[in-house]
Amino acid sequence: MKAKDSPQTPAIQVLERMFALLDVLATHQDPVSLKALAEATGLHPSTAHRILNDLTLGRFVDRPEAGSYRLGMRLLELGNLVKARLDVRDAALPAMRELHKFTHQPVNLSVRQGDEIVYIERTYSERSGMQVVRAVGGRAPLHLTSVGKLFLASDDSPRVRAYATRTGLSGHTRNSLTDIGALERELAMVRQRGIARDDEELELGVRCMAAGIYDDQAKLVAGLSISAPADRLEETWVVRLKETAAQISSALGYRG
């Protein structure tokens, strides 16, 4: 009956008990005794022992020595399978749609490939009043884009200078950052604020703001950006942009 009242409670009691044991084991780095597990879960020791034996058979739990238990390698194997199947685009798209509904402006998802960013998804509508110039699959230099600056800001100074040497920091508009000193000052602000901007540096008349998306290893894997006509980009969107990027990061396993 309890299971019907609460959708968070497993319908089968033994599963509820199994989850409770796994949760306790997950909070300990070292093996845990049967007595401690029984006390933490409120299970009778014989019940806990029976369930742990079955979990050991399935390799979900290891028994390094008699009477003590720890999480098993099967969980790591399954976790790696889940991680391999997580696609940043699939994780991001629902949240991107909600952000677009909030701003009514194009929302872009981009990743780094070498010295460029690649747009891998976009949500937009005709109501934005802005023509989308770079379609999904389009590329742009790192230093001219908000997402690109996020990736450059995650590099150390020697790597940023190596990028500048390779690319020559060529510009597209009068606002483009083509000087290494100016770029480094900009990247310092990105690191400080956690937000990057493109102030008509890639295209005149278009401004952008971006926040980073991180995976379970705290690695920057993508950037989420809002593009808008220069006079329509609202500073109040920063909070919602950060929240949305954090939501996507959480879906990818980031716990920062």
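Close-up 1. Val61 sits opposite Leu71 in β3. This is a predicted model, where local features need pLDDT of at least 70, side-chain atom pairs count only at pLDDT 80 or more, and totals for chains, interfaces and linings use all residues. Residues are numbered from 1 along each chain as its sequence is written, and side-chain values use heavy atoms, with hydrogens and water left out. Three bridges hold β2 and β3 (residues 68-71) together as an antiparallel pair; strands count as paired if DSSP finds at least two bridges between them. Helices (H or I, at least four residues) and strands (E, at least two) are DSSP runs, numbered from the N terminus.

Close-up 2. The order is β1-β3-β2 in an open sheet, and the pairing is antiparallel. β1 (32-33) and β2 (61-65) are the edges with a single partner strand each, so one side of each has no neighbour in the sheet. Helix α2 (residues 13-26) packs on this sheet and touches β1, β2 and β3, its direction making about 85° with that of β3. Here, contact means heavy atoms within 4.5 Å; axes are lines fitted to C-alpha atoms, for helices over the stretch in contact, and angles run from 0 to 180 degrees between N-to-C directions.

**Close-up 3. Where α3 meets α4.** The axes of α3 (residues 34-41) and α4 (residues 45-57) come within 9 Å and cross at roughly 110°. That makes α3 roughly perpendicular to α4 (65 to 115 degrees; under 35 is roughly parallel, over 145 roughly antiparallel and the rest oblique). On the α3 side you'll find Leu34, Leu37 and Ala38, which meet Pro45, Ala48, His49 and Leu52 of α4.

**Close-up 4. The six-stranded sheet.** Now for an open sheet with antiparallel pairing, in the order β6-β5-β4-β9-β8-β7. Its edge strands, β6 (139-141) and β7 (196-199), each pair on one side only. From one strand to the next, the twist averages 30°. β5 (residues 116-123) and β6 run antiparallel, joined by three bridges, and Ile117 has Ala140 in β6 as its bridge partner. Helix α6 (residues 88-103) packs on the sheet, touching β4 (107-113), β5, β8 (206-214) and β9 (220-229), with its direction at about 65° to that of β5.

**Close-up 5. Two arginines over rings.** Arg122 lies over the face of Tyr119, 5.0 Å from the ring centre. Arg240 does likewise over the face of Phe102, at 4.3 Å from the ring centre. A charge sits over a ring if NZ of Lys or CZ of Arg is within 6 Å of the ring centre and within 35 degrees of the ring normal.
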